Amino acid sequence: MKKILVTGGAGYIGSHIVEQLVKLKKKVIIIDNLSTGHKKLINKKALFFNCDIKNFKKLNKIISKYHFDSIFHLAACLSVEEAEKKPTKYYNNNVIGTKNIINVCKKNQIKNLIFSSSCAVYKDKIQQVNEKSKLKPKGIYGNSKFLAEKLIIKELHKTKIKYAILRYFNVAGASESGKIGQITRGDQLFKNLSLASIKKKPKIYIYGNNYKTKDKTCVRDYIHVSDIAKIHLLTLSRIKKLKKSIILNCGYGKGVSVLEAVNEFQNQIKKNILVKYKKRRKGDMEKIISNNSRIKNFLKWSPPKNPLRLIVKSCINWEKKISKQY
Ligand SMILES: NC(=O)c1ccc[n+]([C@@H]2O[C@H](COP(=O)([O-])OP(=O)(O)OC[C@H]3O[C@@H](n4cnc5c(N)ncnc54)[C@H](O)[C@@H]3O)[C@@H](O)[C@H]2O)c1
């Protein structure tokens with residue numbers, strides 16, 4: 001059986017993809033440098049290599065040894081705030097790293113490449129973005145994904161390799177298995193709210209309350225991590241079947257403001273969360289919601305009902321669980 005490679009498979013989203021692949025008895029190999037990934041998230045049924053995708057020689061050695069059919073490429077740095085301070089790190093990791101992946105694909109007759117992109121590639125303040133909306137990343141992180149996308153399209157469109165560029169909107173939640181979820185503490189709202197929710201006196205910082213949105217806080221389109229993982233598997237089988245490359249927005253098409261998310265957490269934990277406002281963060285978009293018509297048609301997929309409640313529930317359960325372990 002052909003093996004599947006997951007770069008970034010020790011990370012939050014990658015580990016959910018690996019879990020679903022393993023469940024389907026696929027042979028999975030993970031490449032990750034554990035910079036933000038965790039040994040605890042590495043699926044025991046997958047083969048793991050501690051390798052940095054910037055190291056072309058090592059990367060190529062692993063990939064040429066195993067016969068891969070497809071690569072899910074998730075390895076990247078993704079802190080919007082850090083990217084503004086360390087642009088070169090983000091360029092090297094996310095753009096040059098992706099260039100290495102493209103080159104190993106070409107060298108090793110890989111058939112399919114699925115790339116994790118982001119809604120951060122779009123221009124800010126468009127009501128609902130579709131895949132043809134204007135691309136104009138506001139920050140360094142978004143720009144690194146934009147440049148990586150451009151490389152994939154330019155380098156692969158004349159080859160036999162099929163690609164899918166998945167532009168995730170905001171990913172949150174944890175696996176139903178209870179075994180994996182988000183560990184890394186970054187600057188993500190749902191992680192911060194999950195951490196707050198298990199405290200006696202929950203408190204949260206909100207960056208900016210002077211945006212032109214319904215309640216003056218930022219608006220995002222949150223998607224459950226299990227759905228993102230499922231979308232990867234569906235996309236791979238679709239591009240294989242249709243022999244077609246595609247760009248897909250991965251979101252539910254529903255805008256949730258920061259304060260709405262805070263309220264949902266408050267309702268579920270039955271406690272008040274103290275909100276403290278800070279000034280806006282550089283690189284943060286005001287509002288970004290997906291038009292998901294293309295993905296719904298292409299994958300015959302539809303978002304769940306009441307997704308926010310499900311996402312928040314799984315976040316709280318996961319945080320309770322890991323608070324006892326770490
Ligand atoms: N979390 C979100 O809401 C979101 C939204 C849009 C896009 N994405 C994209 O999804 C992908 C996965 O993100 P995540 O949320 O799981 O974050 P994560 O930090 O948990 O996962 C990234 C993984 O990549 C690994 N990695 C980073 N640089 C590497 C390198 N040079 N070589 C090898 N491994 C490396 C890290 O160790 C980590 O395990 C990223 O490409 C990210 O840009 C995430």
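An open sheet of 7 strands, paired in parallel, runs in the order β3-β2-β1-β4-β5-β6-β11. The model described here is predicted. The chain is assigned two domains: domain 1 covers 3–172 + 222–250, and domain 2 covers 189–220 + 253–289 + 304–325.

- From one strand to the next, the twist averages 15°.
- Strands of a sheet pair through backbone hydrogen bonds, either parallel or antiparallel.
- The pairing of strand β2 (residues 28–32) with β3 is in the parallel sense and extends over 4 bridges.
- Within this part of the sheet, I30 stands opposite F48 of β3.

- The centres of domain 1 and domain 2, taken over C-alpha atoms, are 26 Å apart.
- The contact between them involves 20 residues of domain 1 and 17 residues of domain 2.
- On the side of domain 1 that touches domain 2, the elements giving two or more residues are α3 (80–85), α5 (140–156), β7 (170–172) and β10 (222–224).
- Of these elements, α3 gives the most to that side of domain 1, contributing 4 residues.
- Sorted by class, the side of domain 1 that touches domain 2 comprises 11 nonpolar, 4 polar and 5 charged residues.

**Helices α6 and α10**

- Helix α6 spans residues 189–197 and helix α10 spans residues 307–325; their axes come within 9 Å and cross at roughly 55°.
- The crossing of α6 and α10 is right-handed.
- The residues of α6 that take part in the contact are F190, S194, L195 and S197, and they meet C315, I316 and E319 in α10.
- By class, the contact of α6 with α10 is made up of 4 nonpolar, 2 polar and 1 charged residues.

Methods: Residues numbered from 1 in each chain as written. Predicted model: local features only at pLDDT ≥ 70, side-chain atom pairs only at ≥ 80, totals over all residues. Domains from an automatic or database assignment. Contact = placed C-beta atoms within 7 Å. Nonpolar A, V, L, I, M, F, W, Y, C, P; charged D, E, K, R; others polar. Axes fitted to C-alpha atoms, helices over the stretch in contact; angles between N-to-C directions. Left-handed = near helix turned anticlockwise from the far one by under 90°. Pairing = 2+ DSSP bridges.
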